[in-house]
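Let's take a walk through this model together.

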Amino acid sequence: MPELNLILFGPPGAGKGTQAERLERDFQLPFISTGDMLRGNVKNETDLGKKAKQFMDAGDLVPDDLIVAMAGERLQHKDAQDGFILDGFPRTLEQAGALDKQLSGVGRRVTAALLIDVPDDDVIRRLSGRRMCVKSGHNYHVEFDPPKHEGVCDQDGSRLVQRDDDKPEVIENRLKVYHEQTEPLVEHYDEQGLMRRIDGTRPAAEVNDHIRAVIATLRLEEDV
Ligand code: AMP
């Protein structure tokens with residue numbers, strides 16, 4: 001079976017995390033989220049966490065050298081050798097170049113970049129209602145995907161909180177950063193013929209069906 005090295009990208013709040021969780025289950029691929037990794041570092045007060053926190057709180061990107069080192073190290077783990085789903089990385093052209101270089105150095109390459117596209121207005125509505133479990137990062141939405149009991153995670157009973165970077169003033173900056181620094185990746189992966197666009201405004205189950213169909217096609221193409 002050919003390996004699947006997938007990149008999920010799209011504006012903040014496009015549902016990348018939700019989709020990645022389902023894909024991880026469906027395809028038994030490790031789900032690697034640089035945002036989750038950074039939040040873990042902040043929580044554990046590591047050196048990296050201390051350096052990253054100020055950027056994250058402002059909705060800015062953490063500098064490329066820190067991210068490239070962190071993600072590069074993670075991709076060398078054994079579980080990522082037969083494929084992976086990257087969520088939130090790469091986010092700049094420089095990061096994309098570093099990823100291409102690391103993979104080609106070991107005879108691998110990105111299989112596809114899946115853009116989950118959602119307009120800005122929807123992003124604002126989605127992010128401002130998002131709540132996250134303090135323990136394991138499960139996501140909910142006060143309107144679209146509420147937990148059974150308000151403020152409590154269905155899966156492990158932990159408290160639900162609003163991420164600091166989901167506060168309105170920060171959301172605006174995150175969108176600006178996305179358009180300026182991450183959107184150029186569309187062209188980067190288009191040029192390589194790897195870009196696949198998904199309508200992220202559809203319900204999560206439909207988005208998942210679309211992604212699975214894209215992956216099935218990719219697998220057929222890789223087999224040829
Ligand atoms: P996320 O959960 O993916 O939205 O990430 C939360 C925050 O972590 C972002 O707003 C950035 O500050 C930081 N971050 C995550 N991934 C990256 C990346 N690839 N490059 C730079 N900063 C990142």
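Is E206 buried, partly exposed or exposed? With a relative accessible area of 37%, E206 is partly exposed. Do keep in mind as we go that this is a predicted model. The side chain of E206 meets that of R202 in a salt bridge, at 2.8 Å from N to O. R202 is partly exposed too, at 42% relative accessibility.

In one of them, E180 is joined to K176, where the closest N and O atoms are 4.0 Å apart. A salt bridge here asks for a side-chain nitrogen of Lys or Arg within 4 Å of a carboxyl oxygen of Asp or Glu. Both residues belong to helix 7 (residues 168–182), and because they are four residues apart there, about one helical turn separates them. E180 has 52% relative accessibility and so counts as exposed, the cut-off being over 50%. K176, at 46%, is partly exposed.

Next, look at D164 and K167, which form a salt bridge with their closest N and O atoms 3.4 Å apart. D164 is partly exposed at 45% relative accessibility, and K167 is partly exposed at 29%. Salt bridges can also link up: R130, R163, D165, D166 and R174 are joined in a network of them.

Now for the strands. Strands of a sheet pair through backbone hydrogen bonds, either parallel or antiparallel. Here you can find an open sheet of three strands in the order 6-5-7, with antiparallel pairing. Strand 6 (139–141) and strand 7 (160–161) stand at the edges; each has a single partner strand, so one side of each lacks a neighbour in the sheet. Strand 5 (residues 130–133) pairs with strand 7 in the antiparallel sense over two bridges, and C133 stands opposite L160 of strand 7. Helix 6 (residues 120–128) packs on this sheet, where it touches strand 5 and strand 6. The direction of helix 6 makes about 45° with that of strand 5.

Our last stop is N41, in helix 2 (residues 34–43). Is N41 buried or exposed? N41 counts as buried because its relative accessibility is 18%, and the cut-off for buried is under 20%. Which residues does N41 touch, leaving out those up to four places away in sequence? They are T46, L48, G49 and M70.

Conventions: Residues are numbered from 1 along each chain as its sequence is written. This is a predicted model: local features need pLDDT of at least 70, side-chain atom pairs count only at pLDDT 80 or more; totals for chains, interfaces and linings use all residues. Side-chain values use heavy atoms; hydrogens and water are left out. Buried means under 20% relative accessible area, exposed over 50%, partly exposed in between (1.4 Å probe, protein chains only). Contact means heavy atoms within 4.5 Å. Two strands pair if DSSP finds at least two bridges between them. Axes are lines fitted to C-alpha atoms, for helices over the stretch in contact, and angles run from 0 to 180 degrees between N-to-C directions.
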